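User: I would like to learn how to read a model of this kind, one feature after another. Please give the general idea each time and then the case at hand.

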Amino acid sequence: MTLATREQTPLAGESAGDYSTSSPLSKHGTHFAAKKAGSQQTHFGALTDVPEIIMISTRTVTPLGDEQELSDSRYFVHEAEERLDEVTAARDRRLELLARQFVGESSPEDDARFHILTQRLRRLVPSVSNDAWQSLDTATSTLEEVSAHLEELKKQFDLR
Amino acid sequence: MDEEKLADDAHGSSFRLLNVPSVDPAHYSRNFIRNAVCELRFPTIFEIEDQRPPSSFWRAVRKDFPMHSVMSGVHVGPASLAKANAHQFSSKKSRWVLVLKSSAITLETARYDSFDEFEAQLRIVIEAAKETIDSDFFTRIGLRYINTLPCGPREIDGWVNPSLVGPLVEGVYGDVEVYSQQIRGTTGAGGYLFQHGLGVEAGPNSGKNGYVLDYDFYQEEVAVSDALATVRRLHELEFSLFSWSLGDRARDFLGEKKGVHK
């Protein structure tokens with residue numbers, strides 16, 4: 001008894017290292033230890049000698065506001081790269097499945113994955129971008145403000 | 001027979017469902033099961049075809065299925081030829097075999113004892129699948145039991161329900177090389193394929209290997225969270241049809257019931 005396999009249950013067969021880009025010297029000099037060329041240590045601000053600066057890692061110091069911003073932007077770049085990888089992988093797999101459909105070789109499992117990847121791509125790369133949403137949001141706010149202003153004018157001139 | 005069971009199709013027409021008396025599953029001292037297999041199909045993941053199995057899956061099953069090997073195969077399609085790898089995991093004495101393919105996981109044993117035991121292994125597999133299949137549903141769950149009754153072509157009387165083998169027992173067809181029937185139908189929980197007969201296996205002694213009762217019950221689009229309950233339901237239905245298929249001699253052979261599940 002031979003059946004198509006679809007119709008039958010078959011038998012088995014990331015160191016990033018320490019960041020050397022710390023806060024600007026002019027602003028946060030107190031965060032740095034300084035060392036004379038030799039080995040004598042002194043605090044930065046002693047202008048008689050040009051010190052060799054030992055930079056303290058941002059990992060060991062609680063960052064100030066602008067440092068945090070630097071850190072966050074680094075995070076976002078990383079996140080964007082990951083998202084791009086995800087989009088690329090989903091797109092490639094989707095194309096592969098599309099090719100199978102084209103030659104009539106796709107299984108219901110292939111079709112299910114195709115739909116999952118299509119939905120995932122729509123979420124990752126929406127046809128309406130965030131910029132477009134923000135523009136619409138701004139336009140809506142403007143319209144609401146104008147409407148409110150018109151209402152005030154109507155009241156003011158008793159135009160109801 | 002139970003009261004006739006009906007269901008409606010997509011066009012509103014009613015059709016009849018499998019209608020055998022419901023039987024509570026039982027665990028007998030012996031069984032006829034040559035192979036028991038449960039297949040869980042899921043939306044295709046190409047990465048599974050790599051030489052290394054998905055790490056999440058491997059971690060989850062390593063304790064119970066410590067042996068791993070890669071099965072290389074070639075998929076021949078009408079317009080393509082593609083190499084595909086699958087991963088086979090086995091228990092220590094190879095009693096339980098687990099195969100992970102790009103769109104299916106299969107648990108199989110040739111030494112079946114009880115459904116409780118089978119379910120325990122399946123629970124491990126489903127937990128591993130949750131972390132691997134990148135989906136919250138299975139496209140199809142199938143549970144299949146292949147039984148072989150130890151009787152020759154002229155000894156079938158009493159082993160199999162006469163409704164299945166009446167003409168064969170009466171000698172209407174004489175001594176036959178092949179006698180088989182394939183039934184495909186619907187249940188309240190999906191569909192089934194029942195194949196039974198003599199000489200249905202390939203090989204020179206095919207007709208002498210006994211009478212085959214092959215039950216395959218399945219359900220499509222099952223939430224992962226419902227998978228175990230679905231398998232239990234399929235097992236209940238399957239056991240009911242199995243019980244109906246037997247003759248008195250076969251029931252005697254099975255021996256005393258040891259517990260609730262077969």
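User: How many residues does α3(A) have, and what is its reach from first C-alpha to last?

Analyst: Helices (H or I, at least four residues) and strands (E, at least two) are DSSP runs, numbered from the N terminus. The expected span of a helix is 1.5 Å times one less than its number of residues. In this predicted model, α3(A) has 17 residues and reaches 24 Å from its first C-alpha to its last, close to the expected 24 Å.

Analyst: As for conventions, residues are numbered from 1 along each chain as its sequence is written, while chains are lettered from A and ligands numbered from 1 in the order in which they are written. Local features need pLDDT of at least 70 and side-chain atom pairs count only at pLDDT 80 or more, whereas totals for chains, interfaces and linings use all residues.

User: Which residues of α3(A) are buried?

Analyst: A residue is buried if 20 or more other C-beta atoms lie within 10 Å of its own, exposed if 12 or fewer, and partly exposed in between; the C-beta atoms are placed from the backbone. In α3(A) the buried residues are Glu109(A), Asp110(A), Ala112(A), Arg113(A), Phe114(A), Ile116(A) and Leu117(A). Of the 160 residues of chain A, 8% count as buried.

User: What is the pattern of elements in chain A?

Analyst: Chain A has 4 helices and 3 strands, in the order α-β-β-β-α-α-α along the sequence.

User: What is the radius of gyration of chain B?

Analyst: The radius is taken over C-alpha atoms, and the globule rule is 2.2 Å times the number of residues to the power 0.38. For the 262 residues of chain B a compact globule would have a radius near 18 Å; chain B has 20 Å, which agrees. The C-alpha trace of chain B spans about 55 × 50 × 45 Å along its principal axes. Chain B has 5 helices and 13 strands, and 39% of its residues are buried.

User: Which strands does β9(B) pair with, and in what sense?

Analyst: Two strands pair if DSSP finds at least two bridges between them. β9(B) runs antiparallel to β4(B), joined by 8 bridges, and Val37(B) has Arg144(B) as its bridge partner in β9(B). With β12(B), β9(B) pairs in the antiparallel sense over 12 bridges; there Gly142(B) stands opposite Tyr218(B). β9(B) is mostly covered, with 10 of its 13 residues buried.

User: What joins β10(B) to β11(B)?

Analyst: A hairpin through 2 residues does. β10(B) and β11(B) pair in the antiparallel sense over 9 bridges, and Tyr179(B) has Leu198(B) in β11(B) as its partner.

User: Why does Thr230(B) count as buried?

Analyst: Thr230(B) counts as buried because it has 20 C-beta neighbours inside 10 Å. Thr230(B) is placed in helix α4 (residues 227-245) of chain B. Leaving aside neighbours within four places in sequence, Thr230(B) is in contact with Ile141(B), Gln219(B) and Val222(B).

User: What is the phi of Glu221(B), and is this residue buried or exposed?

Analyst: Most residues other than glycine have a negative phi. Phi of Glu221(B) is near 50°, a positive value. Glu221(B) lies in strand β12 of chain B and is exposed, with 12 other C-beta atoms within 10 Å.

User: How many residues of chain B are in contact with chain A?

Analyst: 30 residues of chain B are in contact with 20 residues of chain A. Strands that each supply at least two residues of this side of chain B include β4 (33-41), β9 (137-149) and β12 (211-223).

Key. Contact = placed C-beta atoms within 7 Å.
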